[in-house]
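Here is a short briefing to read alongside the model. Keep the 3D view open as you go through the points.

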Amino acid sequence: MAGGKRLAARTSAWIVFADEWGQTLKAHKATTWAPKGVTPVVKVTAKGTVRVSVAGLCCYRPGHRSRLIYRTLTSRGRKGEPKGFREPDLIRLLDAAHQQLQAPIVLIWDRLSLHKTPTIRAAIAARSWLRVHELPAYAPELNPVENVWSTMKGSLANLAVRTATELTAAVKNRLNRMQYRAGLIDGYFTGTGLPPPTPP
């Protein structure tokens, strides 16, 4: 982590944290308000294998507005349909982030096996603007993107959606609202307890 911060400061790079998450039609349960003596009932469906996967990037650079960049992938449970992100999807997301940020990237992510495949390693080696550092094992609390997912889970609690289209729209709506709140993205970084990125 410290090496990644020093490299980012030396090259005026963005420090970019990455992580993946998914949501099905089965809503998370949460407490809510209701008239006295009336138990609230939210009718939802958990049938099928619908899943919305999200790959998110929290991007930080001193002197610049913090960013949240993401991509979604909707799986409707059809035969041969991917259930989550694969190597090409992650590579395209990183390329899109580089195009948007217009600067080198120091990528920090966990030790997921998908992040270590030969395809991913080759893609990293082919991009001079990209350097990668791994988070310590079993330390999700050091990744600001985990706080994005926590906020998402809370906002989707008790949500009654019945189709893949509705679920995808709900997920994108909440992520889009986060994108315009740079202070919120900063707060997710502060919540990790890590010292802020060092100016170049």
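Predicted model: local features only at pLDDT ≥ 70, side-chain atom pairs only at ≥ 80, totals over all residues.

**Helix 5**

- Helix 5 spans residues 164-179, 16 residues in total, and runs 23 Å from its first C-alpha to its last, close to the 22 Å expected at 1.5 Å a residue.
- Its buried residues are A164, L167, T168, A170, V171, R174, L175 and M178.
- Looking down the axis of helix 5, you will find these buried residues within an arc of 160°, so they line one face of the helix.

**Helix 6**

- In helix 6, the buried residues are A182, I185, Y188 and F189.
- Down the axis of helix 6, the buried residues fall within an arc of 115°, so here too they line one face of the helix.
- On the face of helix 6 turned away from that buried side sit the exposed residues G183 and T190.
- The cover over the buried residues of helix 6 includes strand 1, strand 2, strand 3, helix 4 and helix 5.

**Aromatic pairs**

- The model has four aromatic pairs.
- One of them joins F17 and F189: the ring centres are 5.9 Å apart and the planes stand at 65°, so the pair is edge-to-face.
- Because F17 lies in strand 1 and F189 in helix 6, this pair ties together parts that are 172 residues apart in sequence.
- Both partners are buried: F17 has a relative accessible area of 1%, and F189 has a relative accessibility of 7%.
- Another pair is W21 with W149, whose ring centres are 5.5 Å apart and whose planes are at 15°, so the pair is stacked.
- This second pair also links distant parts of the chain, with W21 in strand 1 and W149 in helix 4, 128 residues apart.
- W21 is buried at 12% relative accessibility, and W149 is buried at 4%.

**Cysteines**

- What is the disulfide count? The count comes to zero disulfides.
- As a reminder, a disulfide is a covalent bond between the sulfur atoms of two cysteines.
- For C58, the closest cysteine sulfur is that of C59 at 7.1 Å, which is too far for a bond; the cut-off for a disulfide is 2.5 Å.
- Seen from C59, the closest cysteine sulfur is in C58, again 7.1 Å away and too far for a bond.
- C58 is buried, with a relative accessibility of 0%, and C59 is likewise buried at 0%.

**A buried histidine in a loop**

- H115 is in the loop between strand 4 (105-109) and helix 3 (118-125).
- Is H115 buried or exposed? At 3% relative accessibility, H115 counts as buried.
- The H115 side chain makes a polar contact with the side chain of E20, at 3.4 Å.
- Leaving aside residues up to four places away in sequence, H115 touches E20, L90, W109, D110 and I120.

**Positive phi values**

- Most residues other than glycine have a negative phi, which makes the next two residues worth a look.
- Q102 has a phi near 55°, a positive value in a residue other than glycine.
- Q102 is found in the loop between helix 2 (87-101) and strand 4, and Q102 is exposed at 63% relative accessibility.
- Y138 also has a positive phi, of about 55°, although it is not a glycine.
- The loop that holds Y138 lies between strand 5 (130-134) and helix 4, and Y138 is exposed, with a relative accessible area of 83%.

How values were computed
Residues numbered from 1 in each chain as written. Heavy atoms only, no water. Helix = DSSP H or I, 4+ residues; strand = E, 2+ residues; numbered from the N terminus. Expected span 1.5 Å × (residues − 1). Buried < 20%, exposed > 50% of the residue type's maximum accessible area, 1.4 Å probe, protein only. Arc of directions from axis to C-beta. Phe/Tyr/Trp six-rings, centres within 6.5 Å; stacked < 30°, edge-to-face > 60°. Contact = heavy atoms within 4.5 Å. Polar contact = N/O pair within 3.5 Å; in protein donor to acceptor, adjacent residues only side chain to side chain.
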